[in-house]
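Here is a short briefing for a reader new to this structure.

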Amino acid sequence: MAENEINTLVVRKPCFGLPTGCTQCLSAYLYLKFAQLSFQLDFHLNNPDSDQIPYFELGDYVAYNNEKGGLIECLKRDVGGVDLDSGISSLPDWIQTKAMLTTWLADALAYELWVGSEGYSSSPAYTIYYSDLPWPLGKVLFWRKAYWIKQKHGITNENAELKKEEIYRRANSAYGALSTWLGEQSYLFENRPSSLDAIFLAHGLVILQALPESSVLRSKLLEHANLVRFVQQCKTELIDASPTPTYVQQFHTAGSSSTSRSRSTSSSKTKSKPKREKTEEEKTFKRRSKYFVAAQLVAVVVFLTIMTSFDDAAVDLDDADGGYGYDE
């Protein structure tokens, strides 16, 4: 790596006393901190639903979160000296622990952020993802995400309470297993930092910093003193000790990518984003932001059309059933 190269991690904006409020962005941030790789933060605000965020720029190399395995796996594979999982990812409990973190706990946090809150305006998810967008647009995008989560878990008005209990029961089991596994160690595996530590710590930090005291998930995490101590120690050492990041509300565009870039890629495969220091980007800010809002409004209209069609079909099906319900 050239000494004058500037490494940049592009994430969603800082909030709730964290360098970024997005759990995926925060886990990448913590992973790079554990790897002791020097980098700067930049913030992407114009596409809250983008699966490319976070992404990492190192010279001509760009790794996006929607590439195979996610951003952390790309860094482990392509960037020398940052594979923290070497020698421990083959341990028997590794796969089970990763599954709990990326399914049960991730699902529970997503449920609280988008479904379990009392409304979009009171949800931390609105602050993290949508508060920089025009109000009607942010509101509809929030509802769309909440609808998607309900569809993913098969949540209906009839089974909502049962599904809620199931989601929290799994999360509580995961916390119990992690607490037992961590014990008095400093990290989850071999007493050294790994990607799983970064994933859990990002989860825990968002819960403790962003969720209200009335949060069910927050109360369940607080039952495990060693997990809370683990999270608080991470915050002290890796976040509080670093300068608080600031951001300017601007619109960056991330190019599409299906495979990881390498430092030796040709010019056609280098960063597709305009360099942030160029004044041309400032000159075209308003024009690009209008394009973005127009594109999002089209997506909202399409979404509402599909929702309306789905509701009409559901009504027709109920009428055809003659009001009878069937239990599985």
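From which domains does the lining of the largest pocket draw at least three residues each? Domain 1 (8–78) and domain 2 (92–239) each give at least three residues to that lining; the domain bounds come from an automatic or database domain assignment. This is a predicted model, where local features need pLDDT of at least 70, side-chain atom pairs count only at pLDDT 80 or more, and totals for chains, interfaces and linings use all residues. Residues are numbered from 1 along each chain as its sequence is written, and side-chain values use heavy atoms, with hydrogens and water left out.

**Largest pocket**
- The largest pocket holds about 1200 Å³ of space.
- On a 1 Å grid over the protein atoms alone, a pocket is an open set of points with protein on both sides within 12 Å along at least five of seven lines, and lining residues have an atom within 4 Å of a point.
- Grid points are joined across faces, edges and corners, and a volume is the space filled by probe spheres set on the points.
- Of the 40 lining residues, T23, Q24, N65, T102 and A106 are closest to the pocket centre.
- Helix α3 (94–114) gives the largest share of the lining, 9 residues.
- The lining divides into 18 nonpolar, 12 polar and 10 charged residues.
- Here Ala, Val, Leu, Ile, Met, Phe, Trp, Tyr, Cys and Pro count as nonpolar, Asp, Glu, Lys and Arg as charged, and the others, Gly among them, as polar.

**Cavities**
- There are 2 cavities of 30 Å³ or more; in a cavity a 1.4 Å probe fits but cannot get out.
- The largest cavity holds about 90 Å³.
- Its lining includes R12, K13 and H44, as well as Y129, Y130 and D132.
- Domain 1 and domain 2 each supply at least three residues of this lining.

**Helix packing**
- Helices are DSSP runs (H or I, at least four residues), numbered from the N terminus.
- Helix α7 (195–210) packs on α9 (225–240) at about 95 degrees, with axes 9 Å apart.
- Axes are lines fitted to C-alpha atoms, for helices over the stretch in contact, and angles run from 0 to 180 degrees between N-to-C directions.
- α7 and α9 are therefore roughly perpendicular (65 to 115 degrees).
- Their contact (heavy atoms within 4.5 Å) includes F200 and L201 of α7 and F230 and V231 of α9.
- The axes of α1 and α9 come within 11 Å and cross at roughly 75 degrees, which makes α1 roughly perpendicular to α9.
- Y29, L30, K33 and F34 of α1 meet C234, L238 and I239 of α9.

Technical notes
Helices (H or I, at least four residues) and strands (E, at least two) are DSSP runs, numbered from the N terminus. Angles under 35 degrees count as roughly parallel, over 145 as roughly antiparallel, 65 to 115 as roughly perpendicular and the rest as oblique.
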